[in-house]
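Hi,

I am handing this structure over to you. Please have a look, then read my notes below.

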Amino acid sequence: MTISDRYDPGPQLAHAGTIDLGTKNLERSLWFFRDILGMEEVERVGDTAYLRAYQELGHHSLVLTQQDDAIVNSYGFRVKRPQDVELFNEELQRLEVETVEVPAGSERGRGTAVRFLVPGGDHPFELYYDMDRPQAAEGLRSKLPSNSSTRRGLGVRRLDHFNVQTSPSTINEAEQWVRENLGFKRREFAYLPDSPSTVMASWMSVTPQMHDLAIVANRDEKSGQLHHLAYNLENMSDALTAADILRDLDVSFGVGPGKHGIGQAMYLYVHDPGSDHRVELYAGGYLIFEPDWEPIEWKPVDFPEGLTWYGDPIDVSPGSRGRDTTGSASL
């Protein structure tokens, strides 16, 4: 018997795993994610398509669903052990958080999941463990066993993180709740200048990444909002290449390319032309291995350099380009 067999740490999250995006134009979204970013379309069922990046071995990280409202239907997080799905479900019920069991196969290739709305945030989270690992079609299969397919298009490697928003009146509750009940560790953060006890933004992770999830205050007092999803590129020059190519294709830019001070990664924000969801192409950054990491606070005077170390300044005012999208209407 090993030490791990004798010690039970309780249920834990492994990483950000999937996102289900509603799109008003499935074919345009597929053109963007599959043909331009280089993702593999693993399966299509009716008006729903399942895609993965070339270093993702699981069935999918992205679900595109044709629907009237371009909203986020779910954010999926994989747990560390099969039993953790039920253990999290039991803990959520103990906390009086309403849950719904999502049967295996409801999302193709994925096992049973538990679905709930984040208290204070209203974001629809789904926790799962089982995920099929299909081989890519013969013509797409990579010779490298660590890659599911060959590198194509702009070559996004994997889903990196989610950046979500909720209202200033509820952000403290949401940020504290995910830390205390889902195991997220605060890595970098800032308070609102006009309300120094209210979180303006918090970057948190369950992996050595600087963040798997960011929660940001929405100054329009909206909850349940997506700011962006991020896909990882191999290096910073890939972000510059992406900017060159996407500009020629008339894909709508948000901001970038540039480098964040917070997280120290190269960024490029663009918009999926089928849904208008904001997508960050993300490269570089740093990893955290210290178990006693102290969260870094960004003061208002330094915060502009945190958002943009170099490159275009990021506009965080309520009227900035790019609409927020919500998927919190129901369980």
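With which side chain does the side chain of S275 make a polar contact? The partner is the side chain of D272, at 2.6 Å. Keep in mind that this is a predicted model.

S275 sits in the loop between β15 (265-271) and β16 (278-284). Its side chain also reaches the backbone nitrogen of H277, at 3.1 Å. S275 counts as buried because its relative accessibility is 5%, and the cut-off for buried is under 20%.

Next, the annotation. UniProt, in an unreviewed entry, lists "domain: VOC" for residues 12-130 and 158-284. Residues 12-130 are 18% helix and 40% strand. The end C-alpha atoms of that span are 15 Å apart. Residues 158-284 are 20% helix and 45% strand. Here the end C-alpha atoms lie 13 Å apart.

Then the second largest pocket. Its volume is about 480 Å³. The lining has 19 residues, and the closest to the pocket centre are H15, A16, E56, L57 and G58. By type, the lining residues divide into 5 nonpolar, 8 polar and 6 charged.

Last, helix α2, which covers residues 26-36. Buried residues in α2 are L26, S29, L30, F32, F33 and I36. Check G38 too: just after α2, G38 takes a positive phi of about 90°.

Best wishes

Note on methods:
Residues are numbered from 1 along each chain as its sequence is written. This is a predicted model: local features need pLDDT of at least 70, side-chain atom pairs count only at pLDDT 80 or more; totals for chains, interfaces and linings use all residues. Side-chain values use heavy atoms; hydrogens and water are left out. On a 1 Å grid over the protein atoms alone, a cavity is a set of points where a 1.4 Å probe fits but cannot get out, and a pocket is an open set with protein on both sides within 12 Å along at least five of seven lines; lining residues have an atom within 4 Å of a point. Grid points are joined across faces, edges and corners, and a volume is the space filled by probe spheres set on the points. Ala, Val, Leu, Ile, Met, Phe, Trp, Tyr, Cys and Pro count as nonpolar, Asp, Glu, Lys and Arg as charged, and the others, Gly among them, as polar. Buried means under 20% relative accessible area, exposed over 50%, partly exposed in between (1.4 Å probe, protein chains only). Helices (H or I, at least four residues) and strands (E, at least two) are DSSP runs, numbered from the N terminus. UniProt positions are given in the numbering used here, feature names are shortened, and annotations may be inferred rather than shown by experiment. A polar contact is a pair of N or O atoms within 3.5 Å; within protein, one must be able to donate a hydrogen and the other to accept it, and residues adjacent in sequence count only if both atoms are side-chain atoms.
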